[in-house]
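Me: I would like to learn how to read a few structural features on a model. Could we go through them one at a time?

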Amino acid sequence: AMASTNITGSNNLYDAYFAIQEVTLTETDRNISMSLKRPFALVKINTEDYDKPTVASKYLPKYYATEIEVPVSMSLVNGAVSETGTVTIQSNNRETGNIADVKATGELSYDYFFAGENQANLKDFTVTYSNENGKIVDYTFTNIPFRRNYRTNITGNILTKTGTIDVSID
């Protein structure tokens, strides 16, 4: 059993990686090279309207919640994702300090999901952003692509729901 560890912030020591390679060993084989990838896709949502006069500090979100249908299992033998399920995400423990992050960067949320090697689209999902005063906005995202070992960046005026959003995969 692994001892419990208090993890603060990002720490690649506790990250997950995955690789598949078929190897035929001979007597002279000493090393095998392999490219490790994360088995996840990262979906990151940023708002560009956090500094608008209509979005006062009291309208900056501390929490977000969504239900999203995504793959919930992956074969370690062949890397295939399978069995989709509805996953509920409730981020009710964001620190007040994250409001400074929203003010500085526009970052609203980011989540990791199992994903396949080929690009696919997430089913439409709605994210509710709120703070201690209640709901700020619901935003429905449609046709959002995601892919294993890539980051999907969603950027737009999420809080005021004006204009269009930009989606890119890095």
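The dialogue below takes up salt bridges, a surface patch and a sheet.

Me: What kind of model is this, and how are residues numbered?
Reply: This is a predicted model, in which local features need pLDDT of at least 70 and side-chain atom pairs count only at pLDDT 80 or more, while totals for chains, interfaces and linings use all residues. Residues are numbered from 1 along each chain as its sequence is written, and side-chain values use heavy atoms, with hydrogens and water left out.

Me: How many salt bridges does the structure hold?
Reply: In general, side chains of opposite charge can pair when their charged atoms come close. The term salt bridge is used here for a side-chain nitrogen of Lys or Arg within 4 Å of a carboxyl oxygen of Asp or Glu, and the structure holds six of them. One of these joins Lys44 to Glu107, with the closest N and O atoms 3.5 Å apart; Lys44 belongs to strand E1 (residues 40-47) and Glu107 to strand E4 (residues 107-114), 63 residues apart. Strands, labelled E, are DSSP runs of at least two residues, numbered from the N terminus.

Me: Which residue meets Glu132 in a salt bridge, and is each partner buried or exposed?
Reply: Glu132 meets Lys62 at 2.9 Å, N to O, and the two residues, 70 apart, lie in separate loops, Glu132 between strands E6 (125-131) and E7 (134-141), Lys62 between E1 and strand E2 (63-74). Buried means under 20% relative accessible area, exposed over 50% and partly exposed in between, with a 1.4 Å probe and protein chains only. Glu132 is exposed because its relative accessible area is 52%, whereas Lys62, at 15%, is buried.

Me: Which residues form the nonpolar patch on the surface?
Reply: Such a patch joins nonpolar side chains (Val, Leu, Ile, Met, Phe, Trp, Tyr) within 5 Å, taken from residues with over 30% relative accessible area and no salt bridge. Here Tyr17, Val23, Leu25, Ile32, Met34 and Leu36 form the patch, with about 580 Å² of accessible area together, computed by the Shrake-Rupley method with a 1.4 Å probe. Leu25 sits in the segment before E1 and is exposed, at 60%.

Me: In what order do the four strands form the open sheet?
Reply: Strands of a sheet pair through backbone hydrogen bonds, either parallel or antiparallel. Two strands count as paired if DSSP finds at least two bridges between them; here the order is E3-E2-E6-E7, with antiparallel pairing. Strand E3 (81-91) and E7 stand at the edges with a single partner strand each, so one side of each has no neighbour in the sheet. E2 and E3 are joined by 10 bridges.

Technical notes
Patch = residues over 30% accessible without salt bridge, like charges linked within 9 Å, V, L, I, M, F, W, Y side chains within 5 Å.
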